[in-house]
Amino acid sequence: MSLLKVDQLLPEQLLNSLIFSVVVTDLTGRFLYVNPLFQHKFAHISTTLTNNHFADTVYAEDVKACNEAAKECIRHPEKPVAITVRKACEGDEFFWTHWEISAVKNELGYVVGIMSVGHDITTTETNNSKAVELSQSRAYLDEQAVESIQSNVVNITPAVHQEELSEEEVTRMALVAHNTTNAVVITDKEENIIWVNEGFNRIIGYKAEEAKGKNIFFYLNQSGVEEKINKRIRYSIENKLAFVEEVQVSNKNNKTIWLEIDCKPLFDESDRHIGFMSIENDITKRKNAEKEQQETLQRLSLATDSAQIGVWEVDLSDGTTFWDEKMYDLYGFAKDTPFPPYKIFKKAMHPDDKEMMKNILSRLSEGKKSIDSTVYRITMPNGKIRYIEAHAIVQKNAEGKPIRLIGTNRNITDDVAVQEKMKTQNKVLRDIAFIQSHEVRRPLANILGVIEVLNSSNSVHNKEIFDHLIESANELDMQIRSIVKKTNNLDGIFSNG
């Protein structure tokens with residue numbers, strides 16, 4: 001299965017999601033594809049996770065559960081499996097994730113891999129864990145902190161009668177708000193802040209006493225965003241809807257950061273608006289990684305487009321071949337053609353080059369060579385011959401077994417035509433020089449013969465003029481020989497260049 005055909009299995013919105021991670025592994029558990037969000041989360045393991053084993057990203061105690069879920073998918077490919085596991089961070093840290101796992105089949109209906117779509121549920125699992133711990137011990141918050149948070153929780157939730165909440169439930173709500181890793185902001189109906197948690201201080205930099213009384217988003221600094229947020233606030237109140245925005249803000253140290261804001265209007269039991277609750281997550285690292293990735297892709301795209309280079313890939317496990325749009329163009333086909341790439345390649349190959357290409361691909365696939373390049377000919381749909389310059393590298397797994405071929409193609413037909421034209425011109429020049437040298441040498445030979453006769457007969461009285469005549473004739477002979485030699489070297493000069 002080609003990892004780059006995963007876009008046929010899932011919509012682009014999910015592959016590029018900022019919430020859902022998407023991964024595809026082969027049957028041994030090694031990654032064939034990971035989407036940008038998953039790659040970002042585990043960039044500390046590798047700059048590219050392809051060929052890493054899924055176990056590298058899973059908390060050690062949960063690897064067995066993942067294996068069992070995968071086996072269940074393979075046994076019953078028509079039935080997805082849901083699983084909640086911990087994902088490993090750097091060191092001994094971890095975060096909770098929930099996954100929907102399903103089998104991936106090839107064109108023949110055989111299971112060739114496992115696809116998993118998951119999302120982070122750390123906050124939910126952490127809160128559940130905290131609630132369980134709280135029932136066993138009430139020592140997580142000092143009394144002053146609990147009383148402070150309890151009073152705020154009660155003040156902003158008149159929709160629930162105070163007598164209906166047990167002390168433990170109020171404390172639990174306070175604990176969750178206080179200890180969540182995100183920033184939590186609560187305002188009154190005028191949108192002035194009445195409470196923030198410790199996460200707000202860590203992310204935005206302002207302490208509770210500094211933030212209280214200020215407008216809900218006083219730290220916005222992106223041009224035009226404040227007006228946009230105000231419109232969202234008005235709309236959310238009128239329609240009793242939450243809204244989510246990604247915005248740039250300045251923290252207390254004037255450092256620009258990215259926040260994902262999830263803002264909800266609060267209403268009392270009489271349906272009167274009483275304030276807002278905003279949960280804010282620092283997504284600066286993710287936004288920077290997305291920007292860097294986009295810039296890298298743009299540079300790569302510019303390079304390949306400028307050079308008119310097509311990119312191809314062959315999955316050696318099942319022979320599936322991927323071509324980018326330029327590859328189809330090089331072979332004279334539209335990208336949406338019903339013909340698969342390997343059939344186009346096989347049919348287009350020039351008969352005289354088939355054996356050569358077969359040997360090259362065999363050496364690469366068997367691991368006898370790790371890189372190769374060549375020039376071969378293809379026959380276009382219109383019957384014309386095109387010369388292709390190809391480069392290929394072998395990608396291997398941890399055991400050194402070749403698993404994938406990745407390469408490029410470039411149309412060099414015009415270059416070959418120029419080379420052939422230059423060779424023809426050189427041959428013509430050489431022939432002309434050869435003919436001219438012989439035509440010139442014949443009378444020169446006669447002159448040299450006469451000079452020799454005169455010199456032997458001692459009939460020349462002006463010795464100085466005679467010596468000059470001999471020198472000039474010999475110099476002319478050397479020049480003719482030099483012309484012939486240089487012309488004969490034209491093909492060599494061309495081929496070496």
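1. Two strands are said to pair if DSSP finds at least two bridges between them, and helices (H or I, at least four residues) and strands (E, at least two) are DSSP runs, numbered from the N terminus. Arg86 stands opposite Trp96 in strand 4, and strand 3 (residues 81–88) and strand 4 (residues 94–105) pair in the antiparallel sense over eight bridges.

2. This is a predicted model, in which local features need pLDDT of at least 70 and side-chain atom pairs count only at pLDDT 80 or more, while totals for chains, interfaces and linings use all residues. Residues are numbered from 1 along each chain as its sequence is written, and side-chain values use heavy atoms, with hydrogens and water left out.

3. Six of the eight residues of strand 3 are buried, where buried means under 20% relative accessible area, exposed over 50%, and partly exposed in between (1.4 Å probe, protein chains only).

4. Asp353 lies in the loop between helix 12 (341–348) and helix 13 (354–365), and Asp353 counts as buried because its relative accessible area is 8%. Although Asp353 and Ile378 are 25 residues apart in sequence, their C-alpha atoms are 8.6 Å apart in space.

5. Helix 15 (residues 463–488) contains Glu471, which is exposed because its relative accessible area is 53%. Lys485 also lies in helix 15 and counts as exposed because its relative accessibility is 59%. From Lys485 to Arg430 the separation is 55 residues in sequence and 9.2 Å in space, C-alpha to C-alpha.
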